[in-house]
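Subject: Structure for your review

Dear colleague,

Please find the structure below, together with its sequence. I would be grateful if you could read the notes that follow with both in view.

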Amino acid sequence: MYRAITHEIQITAIPVFAPERSDGSLNRYFWTYTIEIANHGDVQVQLLERTWRITDANGRVETVQGPGVVGETPIIEPGASFSYTSGCGLTTSSGLMSGTYRMVDANGRAFDAEIPPFSLDSPMERRVLN
């Protein structure tokens, strides 16, 4: 579990390797991740946009931007949370995801909430110890 807090918005990420959607012989690896966005502040917030930075084991970085998450731009009341599950595929057996959610509060103040960096690790990865 990975967690970050920005302006009283707590974002928790839980990645899970999906072996049923992965095939090492084809360099195809897939993870699901569940994100929980909790509003610990005293004003309503809305998630407007997302920006993801996905880095594979070769250092290749892909940036993904767009409106909302999973087709929604959720409004999160004080003390409430919003959760969703999505996925990410790579051609390497490990990687890293991080990013931001563009939020706006009920007072019209816009800010970027940090998505904590989280690792994408597969049991197919061969590890070498020195």
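This is a predicted model: local features need pLDDT of at least 70, side-chain atom pairs count only at pLDDT 80 or more; totals for chains, interfaces and linings use all residues.

Residues are numbered from 1 along each chain as its sequence is written, and side-chain values use heavy atoms, with hydrogens and water left out.

Side chains of opposite charge can pair when their charged atoms come close. A salt bridge is counted here when a side-chain nitrogen of Lys or Arg lies within 4 Å of a carboxyl oxygen of Asp or Glu. Under this rule, the model has three salt bridges.

One of them joins Arg102 to Asp112, with 3.1 Å from N to O. This pair links distant parts of the chain: Arg102 belongs to strand β8 (residues 94-105) and Asp112 to strand β9 (residues 110-121), 10 residues apart. Strands are DSSP runs (E, at least two residues), numbered from the N terminus.

For accessibility, buried means under 20% relative accessible area, exposed over 50%, and partly exposed in between (1.4 Å probe, protein chains only). Arg102 is partly exposed at 32%, and Asp112 is partly exposed at 39%.

Another salt bridge pairs Arg109 with Asp105 at 3.0 Å, N to O. Here Arg109 is partly exposed at 39%, whereas Asp105 is buried at 7%.

Arg60 and Asp56 also form a salt bridge, at 3.6 Å from N to O. Asp56 is buried, with a relative accessible area of 6%.

Yours sincerely

Definitions and conventions:
Helices (H or I, at least four residues) and strands (E, at least two) are DSSP runs, numbered from the N terminus.
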